[in-house]
Amino acid sequence: MTKVLFITANPNDENHSFSMAAGKAFIGKYKETNPIDEIVTVDLFKDDIPNLDADVFSGWGKLRAGQPLDALSTEELAKVSRLNEVLDQFISADKMIFVTPMWNFSFPAVVKTYIDAVAVPGKTFRYTETGAVGLLHGKKVFHIQARGDFYSEGHLADEELGDRYLKHIMNFMGITEYEGLYIEGQAKMPEKAEEIKAEGIERAKQLAQKF
């Protein structure tokens, strides 16, 4: 059975977010097309994804030194255990669908927190004498992102940092099958916003059937 992570990073729902509207349409059509697949939703604005803080690094340090779990403080143990759960879930997935808005040329900070939780040496990549090598081969990623202006091409293309980063870090971890759907221009052309939204939803349904 194929396992799919539906990873959303938006505090708004599909009624107030272009990316979430397209994301809901995508996952709905995907379910219709692949009814036996297991789909797990990860809401980065609601789920507990610990930051890499002093407790985490201290806990990891104790474990690397060979100390038992009961040597960790309550905070260290809780955070390290939760990070292990997040990492195991990510590694076990066959496909990942990220749904994000563009915020300040990138994506919400919760996405970076999530990436920090799953980009782990020895688990999703490893170091070699010739450089880092990704370990997550054979997986697929799809990124849905809404952008107020046009960043896919033209003079603003180099200012888009979120999708480019996500693609780069996925490739770094060995995931080279990466596709995207970018819903653009609704803030620049508010008179066409509903049309842009409808087109994005329709494209999401079409692309979901091939993912």
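**Figure 1. The second largest pocket of this predicted model holds about 150 Å³ of space.** The model is predicted, so that local features need pLDDT of at least 70 and side-chain atom pairs count only at pLDDT 80 or more, while totals for chains, interfaces and linings use all residues. Residues are numbered from 1 along each chain as its sequence is written, and side-chain values use heavy atoms, with hydrogens and water left out. The pocket is lined by 13 residues, with Thr 8, Asn 10, Met 20, Asp 43 and Lys 46 closest to its centre. A pocket is an open set of points on a 1 Å grid over the protein atoms alone where a 1.4 Å probe fits, with protein on both sides within 12 Å along at least five of seven lines; lining residues have an atom within 4 Å of a point. Its volume is the space filled by probe spheres set on the points, which are joined across faces, edges and corners. Strand E1 (3-8), helix H1 (18-33) and strand E2 (38-43) each contribute at least two lining residues; helices (H or I, at least four residues) and strands (E, at least two) are DSSP runs, numbered from the N terminus. By class, the lining of the second largest pocket has four nonpolar, four polar and five charged residues (nonpolar: Ala, Val, Leu, Ile, Met, Phe, Trp, Tyr, Cys and Pro; charged: Asp, Glu, Lys and Arg; polar: the others, Gly among them).

**Figure 2. Asn 10 is located in the loop between E1 and H1.** With a relative accessibility of 8%, Asn 10 counts as buried (buried is under 20% relative accessible area, exposed over 50% and partly exposed in between, for a 1.4 Å probe and protein chains only). Beyond its neighbours within four places in sequence, Asn 10 is in contact with Ser 17, Ser 19, Met 20, Phe 45 and Pro 101, contact being heavy atoms within 4.5 Å.

**Figure 3. The largest pocket has a volume of about 340 Å³.** Sixteen residues form its lining, and Trp 60, Arg 64, Asn 84, Leu 87 and Val 120 lie nearest the centre. At least two lining residues come from each of helix H2 (54-64), helix H3 (74-92) and helix H4 (109-118), and H3 supplies the largest share, five residues. The lining of the largest pocket comprises eleven nonpolar, one polar and four charged residues.

**Figure 4. Helices H3 and H4 pack with their axes 8 Å apart, at an angle of about 85°.** H3 is therefore roughly perpendicular to H4, a term for angles of 65 to 115 degrees. Axes are lines fitted to C-alpha atoms over the stretch in contact, and angles run from 0 to 180 degrees between N-to-C directions. Leu 83, Val 86, Leu 87 and Phe 90 of H3 meet Tyr 114, Ala 117 and Val 118 of H4. This contact has seven nonpolar, no polar and no charged residues. The buried residues of H4 are Val 111, Thr 113, Tyr 114, Ile 115, Ala 117 and Val 118; they pack against E1, E2, H3, strand E3 (95-101) and helix H5 (162-172).

**Figure 5. Asp 48 lies in the loop between E2 and H2.** Asp 48 counts as partly exposed, at 48% relative accessibility. Not counting residues up to four places away in sequence, Asp 48 touches Arg 82 and Val 86.

**Figure 6. Asn 104 and Phe 105 lie in the loop between E3 and H4.** Phi of Asn 104 is near 50°, a positive value in a residue other than glycine. Phe 105, also not a glycine, has a positive phi of about 75°. Most residues other than glycine have a negative phi. Asn 104 counts as exposed at 73% relative accessibility, whereas Phe 105, at 35%, counts as partly exposed.

Conventions. Angles under 35 degrees count as roughly parallel, over 145 as roughly antiparallel, 65 to 115 as roughly perpendicular and the rest as oblique.
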